[in-house]
Amino acid sequence: MADFNIDRQQADLIQNADTVINFGAPPVNHRAVAAAALEAGEYDRVIGHLKRVLETNPGDSLARFRLVLAALRGRHPDHYGARQIQALKERLVRLAMDDPDCHHAKVLALVVNDGLLARGNLRASPPTADTRRLVALVDPARGREILMHAPVPESPTWSLLDRRLRRPTLRPTSREN
């Protein structure tokens, strides 16, 4: 007669299931993949992964900001139609309203606007004191993303951001007693 050990079979089944679960593919960190893709200029990948981030966290300010950057695809805003650029500016305005500390969204909106002025052969005015303060508040990593993926060097705001990020940061020195 065959010996059936039901308890042992259930334990083996549980062990096998645990092994499959633990050694399966790890979950994708869509935010990290999008950041790497943005750095590489792979804008379609950025958009796909950021949409996944926003499905689970629609208020993610960084994802929303990077989605606008990816939509620009590393090109000057004058490569796009007025409707598309207006939609991107509206996203930036909503982001700035939802997250007042999202200074980089405000700076990007100014840069895009300056780019549109250049399209119409108009010249953007020099940065105001408020714009200079705003640029000073931008996180350097976000500022570098703006410079890389929204190339509008004729923008006074873009130029100000570029100068700020190229300036070496002064480090406090310690005095020995």
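Me: Why is R73 called partly exposed?

Reply: R73 has a relative accessibility of 31%, and partly exposed is the class between buried, which is under 20% relative accessible area, and exposed, which is over 50%, with a 1.4 Å probe and protein chains only; therefore R73 counts as partly exposed. The model is a predicted one, in which local features need pLDDT of at least 70 and side-chain atom pairs count only at pLDDT 80 or more, while totals for chains, interfaces and linings use all residues. Residues are numbered from 1 along each chain as its sequence is written, and side-chain values use heavy atoms, leaving out hydrogens and water.

Me: Why is H49 called buried?

Reply: H49, which lies in helix 3, has 17% relative accessibility and therefore counts as buried. Leaving out residues up to four places away in sequence, H49 touches V28, H30, V33 and A34, where a contact means heavy atoms within 4.5 Å. The C-alpha atoms of H49 and A34 are separated by 5.5 Å, although the two residues are 15 apart along the chain.

Me: Which class does R91 belong to, buried, partly exposed or exposed?

Reply: R91, whose place is in helix 5, has a relative accessible area of 36%, so R91 is partly exposed. Not counting residues up to four places away in sequence, R91 touches L67 and V68; the C-alpha atoms of R91 and L67, 24 residues apart along the chain, are separated by 9.6 Å.

Me: What makes a group of residues a nonpolar core?

Reply: The name is given to a set of buried Ala, Val, Leu, Ile, Met, Phe, Trp, Tyr and Cys residues joined through side-chain atoms within 4.5 Å. The largest nonpolar core here has 41 residues, of which F65, L72, V107, L108, I146 and L161 touch the most other members. The largest share of this core, 9 residues, comes from helix 4. Nonpolar side chains tend to be buried together in soluble globular proteins.

Me: Which residues does L72 contact, leaving aside its neighbours within four places in sequence?

Reply: L72 is then in contact with Y80, I85, L88, L108, V112, H149 and A150.

Me: Which residues line the largest pocket, and how do they divide into nonpolar, polar and charged?

Reply: The lining consists of A35, L38, E39, R66, A141, R144, E145, M148 and H149. Since Ala, Val, Leu, Ile, Met, Phe, Trp, Tyr, Cys and Pro count as nonpolar, Asp, Glu, Lys and Arg as charged, and the others, Gly among them, as polar, the lining residues divide into 4 nonpolar, 1 polar and 4 charged. A pocket is an open set of points on a 1 Å grid over the protein atoms alone, where a 1.4 Å probe fits, with protein on both sides within 12 Å along at least five of seven lines, and lining residues have an atom within 4 Å of a point. Helix 8 gives the largest share of the lining, 5 residues.

Note on methods. Helices (H or I, at least four residues) and strands (E, at least two) are DSSP runs, numbered from the N terminus.
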